[in-house]
Every structure is written in C-alpha cells, then in structure tokens.
Amino acid sequence: MHARHRDTTDPLVRRERRRLVSRLARSRRAHARASRSIPGGVCSAAHAGGDAPILIERGRGARVWDLDGNEYVDMHAGYGSMVAGHAHPAIARAVGPTLSSGTCFGAPSPHAMPVAEELRSRFGLPLWRFTNSGTEATMAAVRIARAFTGRSVLLKVEGAYHGHHDGALVSVTPAADEAGDAAAPRSVPVGDGIPETVTRLTRVVSFNDVAALRSLFLELRGQIAGVIVELPLLNPTMVLPDAAFLDALSKVRTEHGALLILDEVKTGLVVARGGASELYGISPDLVTLAKALGGGLPCGAVGGRKEVMEIVAGGCVGVYGTFNGNPAAMAAARASMSEILTPAAYERLARMGSSVAAAFDAIIARYELSAVATVVGAKGALAMLPERPRSYRDWLRRDRALSELFWLYQLNRGVYLSPAPSTKWTLTVAHEQADIDRFVANFHELARELQQASVWSRRCAGAE
Ligand SMILES: Cc1ncc(COP(=O)(O)O)c(C=O)c1O
C-alpha cells in the first residue's frame with residue numbers, strides 16, 4: 001500500500017473537514033466578526049487556518065479549549081513556545097508580583113541579569129541582549145554579523161523561516177516552479193513589499209548541500225557576512241543535518257571569515273538544556289532565542305562570542321527595544337529555566353519523544369505507509385514521504401492530502417496540532433502518557449481506515 005490513491009484519501013479528507021467545521025460554529029461566527037476589524041480575522045499570517053479557524057480560548061497544562069468548548073491535548077504548544085505547559089503555577093508566581101511592582105521601565109533594571117547568566121551557562125556564550133520576539137533576535141543577529149564582518153550578504157537555507165524582517169523573508173516556502181535549480185536555488189521573496197535590493201542580499205542554499213555552500217562562498221568571496229541556520233531544519237518538516245553539513249557550517253568562520261548564526265528560536269530551551277548547540281556540539285558565533293524563553297510571555301534574545309557582542313556594547317550597532325528585558329518577561333524566563341526546564345525535564349521529554357517515534361514507526365511498518373517520523377527531543381514531525389527528507393525540495397514531494405488528513409484526524413479526535421494543516425508536534429512537561437497514547441491511537445486509527453479504504457477501492461476497481 002505504498003502509493004496512496006487520491007480516491008482513497010480525498011473522500012476521507014472531505015469527511016474530516018465537514019466533521020471539523022460542524023464542531024466550530026462559535027469559532028466561525030467569532031472569526032467572521034474578527035475579520036471586520038482584524039485583517040483576515042487573525043493576528044499573524046501564521047495563525048490563518050484551513051477552512052475553519054479554531055479560536056483557542058484558554059489553556060491549562062497540556063490542554064487547550066476552543067471557543068466552542070472542545071477540549072484538546074495541545075501538541076502545537078504555541079509553535080513550541082509552551083514547552084512548560086499552559087498557565088504553569090511557577091510562571092504565575094514569578095510574573096504575578098511584577099504586575100504590582102511595574103512591568104516596563106524602559107530603563108536598566110536588575111531583572112535581566114540572572115536570565116543572561118543562565119543563558120551563558122546553557123549556551124556557553126558570554127554576552128546576551130534581550131528582545132521581544134524571534135524576529136527581533138534574528139534581525140539583530142544579522143545586523144551584528146554585518147557590522148562585525150563589514151560584509152553585506154546573508155546566506156540562508158531554502159525552506160527555513162527566521163522571522164518576518166525583510167532580509168529573512170526570502171525562500172521560506174517557494175513553489176517548485178519559482179525556486180530554480182536545487183543546486184543553486186533562486187532567492188524568492190515571501191509576498192509583496194520586500195524591495196528587490198534587499199532580497200538580492202539574501203542568498204539561498206539547500207539544507208545538507210555542502211557543495212552548494214562551498215560554491216556560494218567561492219562565488220561571493222569576501223561578501224558573505226553570515227550564515228543563518230536552524231538545526232534541525234524545522235519550518236517545512238523536520239530535516240536532520242548530515243555530519244558533513246554540520247562540519248561545513250562549523251568552518252564558515254575559519255575558512256571564509258563569515259559568522260555562523262544558529263537560529264534557536266524553536267530549538268533553544270526545547271530540544272536540550274543548551275538547545276541545538278549542545279545537541280550537535282556546535283559553537284556558533286551568535287545564537288538567537290525566543291518562543292520557549294519567555295515561558296509564555298513575549299521574549300527573545302541574541303547571544304554571542306565576546307568579541308562579536310562587544311560591538312553592541314559600544315553602541316555602533318543599533319539594537320534597541322523599549323520592552324527589552326522587561327521585568328515580567330524576565331521573571332517568567334527565570335522561573336521557566338530554573339524551576340521547570342530542569343535537566344530531569346529534558347530527560348523526560350526525550351523519553352516521551354522516543355516513545356512517540358517508536359510507536360509511529362511501528363504503525364508505519366505495519367500498515368506500509370509512505371511516511372517517516374522524525375523526533376528530536378520534545379519535537380517531532382511526520383513527513384508523508386517514502387524516505388526521510390534531506391531538504392526542502394524533498395518535502396515539496398510529500399503527499400499533501402495525507403498530511404492534511406493526519407492533521408484533521410488529530411483535531412477531530414482531541415489533539416490540537418496547529419492553526420493550519422501540519423504534521424509537526426512539540427511535547428511539553430505537562431503531557432502525560434495518556435496524552436501520548438491518544439496521539440498514537442489517532443494515527444493508528446487513521447492507518448487502519450486508510451488500509452480498509454484502499455482495499456475497498458481496489459475491490460471496486462476490480463483489482464482484487
Ligand atoms: C526558527 C525561527 N526563527 C525566528 C522566528 C520568528 O520568531 P517570532 O515569531 O517570535 O518573531 C521563528 C518563528 O516561528 C522561527 O521558527
């Protein structure tokens with residue numbers, strides 16, 4: 001049952017879409033109202049859903065509830081921001097007092113210090129500046145790299161998302177027919193409003209393509225300020241880095257004089273205590289954080305080597321922000337790292353992640369599904385492909401209908417995955433074995449139904 005026929009999957013997708021829409025009457029009405037005062041009815045393009053936007057009203061621990069009262073095990077976890085679980089009492093205890101003692105001074109305050117000291121210990125980088133989002137963190141990192149090297153070109157990986165500043169919004173989800181040759185991908189801006197001159201300064205390579213990385217450095221000798229990369233690549237699906245790619249990345253400074261910016265907005269504080277830096281034993285020049293850093297409050301950070309970050313101290317590089325290091329976010333970050341995201345928590349998350357991977361692998365083998373599960377610590381993804389993807393181009397070939405079906409199936413059976421169809425998840429410290437069991441059981445039920453539907457459609461076609 002390797003090749004999934006559309007006549008097997010499509011009726012199931014239609015049925016599950018109808019089922020979902022029928023459970024969301026209040027969400028749909030609220031979305032219609034929101035659309036009159038908020039473009040598209042959503043506060044971020046990434047919040048726009050499929051046919052039926054699901055308005056999440058509240059969350060506690062591993063659960064969220066939508067406006068219609070439907071309860072879900074939350075495996076989206078705010079794109080991984082909520083690895084501490086929703087409304088954790090330790091975060092409430094830490095943030096609560098700041099509401100009565102002041103949440104923003106726009107001035108130096110003592111609250112940022114302990115958080116920076118904890119990040120020093122986790123990432124082995126001595127100097128940190130706080131921001132309010134991942135976008136601000138990567139924007140600052142790129143500017144610092146340019147200032148430090150005196151060069152202009154930014155190199156990024158095709159399919160990677162690094163926030164919504166102009167230079168980063170290049171080749172995030174380019175269509176196959178505009179992306180160009182895989183060995184030398186075109187720089188494709190995301191949507192309108194990005195000046196061509198800015199897009200041209202962002203050059204693109206395929207993940208794991210060491211030869212392309214080398215040849216770009218040759219072509220642009222002395223022009224590349226930095227390489228920004230996420231390990232593993234997480235935007236399209238989860239793509240693991242080859243050892244040779246890691247090796248090439250770790251040499252961009254010594255061999256080419258460019259800085260390595262490891263974007264750990266999603267991975268930092270989630271896949272290990274010291275993020276992907278620790279996991280892959282890599283020593284970047286700059287690291288960017290956000291999402292899980294704030295324990296659910298908006299917070300980001302850029303950290304780096306002493307000689308690189310010192311240029312920020314001198315004020316020659318513009319890194320600003322009224323709310324940077326504000327007491328509320330700092331209190332949440334401090335509590336999250338000291339009380340919740342402990343070494344024992346990472347061990348438990350890794351164990352749970354491995355158990356999901358093993359269960360998914362068993363289902364894939366038993367039902368001969370054309371799918372691959374990839375798990376790194378708390379993060380995981382199911383790619384509807386015959387083989388593990390090595391780049392964004394591989395992911396473009398996934399079975400889209402089957403991917404949407406997995407998402408719909410989970411939503412309709414009490415597991416929330418994301419606003420738009422996605423087959424990725426983040427486990428949190430609040431998840432229990434019963435939550436994992438439900439997630440796995442839903443996938444099992446889907447595999448069984450696909451097998452039955454496929455046998456039935458082959459019978460009808462006279463193939464058996
Ligand atoms: C790897 C990565 N970098 C940067 C960002 C931007 O972060 P934010 O949404 O906080 O601006 C994201 C957001 O998803 C991300 O995944």
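Two residues are in contact when heavy atoms of theirs lie within 4.5 Å, and by this rule Ser422 touches Phe406, Trp407 and Leu417, not counting residues up to four places away in sequence. The structure is a predicted model, in which local features need pLDDT of at least 70 and side-chain atom pairs count only at pLDDT 80 or more, while totals for chains, interfaces and linings use all residues. Residues are numbered from 1 along each chain as its sequence is written, and side-chain values use heavy atoms, with hydrogens and water left out.

**The ligand and its surroundings**

- An N or O atom in the side chain of Asp263 is 2.6 Å from a nitrogen atom of the ligand, and an N or O atom in the side chain of Lys291 is 2.7 Å from an oxygen atom of the ligand.
- Gly134 takes part through its backbone, where an N or O atom lies 2.8 Å from an oxygen atom of the ligand.
- On its own the ligand has 390 Å² of accessible area, of which the protein covers 85%, as computed by the Shrake-Rupley method with a 1.4 Å probe.

**Ser422 in its loop**

- Ser422 has its place in the loop between β13 (415–416) and β14 (424–426), the strands being DSSP runs of E with at least two residues, numbered from the N terminus.
- Ser422 counts as buried because its relative accessibility is 14%, and buried means under 20% relative accessible area, exposed over 50% and partly exposed in between (1.4 Å probe, protein chains only).
- A polar atom of the side chain of Ser422 lies 3.1 Å from the backbone nitrogen of Lys424.

**The cysteines**

- The structure holds zero disulfides, a disulfide being a pair of cysteine sulfur atoms within 2.5 Å.
- Cys104 is in no disulfide, and the nearest cysteine sulfur, that of Cys299, is 13 Å away.
- Cys104 is partly exposed, with a relative accessible area of 31%, whereas Cys299 is buried, with a value of 3%.
- Cys316 counts as exposed because its relative accessible area is 68%.
- Between the C-alpha atoms of Cys316 and Thr267 the distance in space is 30 Å, and these residues are 49 residues apart in sequence.

How values were computed:
A polar contact is a pair of N or O atoms within 3.5 Å; within protein, one must be able to donate a hydrogen and the other to accept it, and residues adjacent in sequence count only if both atoms are side-chain atoms. Helices (H or I, at least four residues) and strands (E, at least two) are DSSP runs, numbered from the N terminus.
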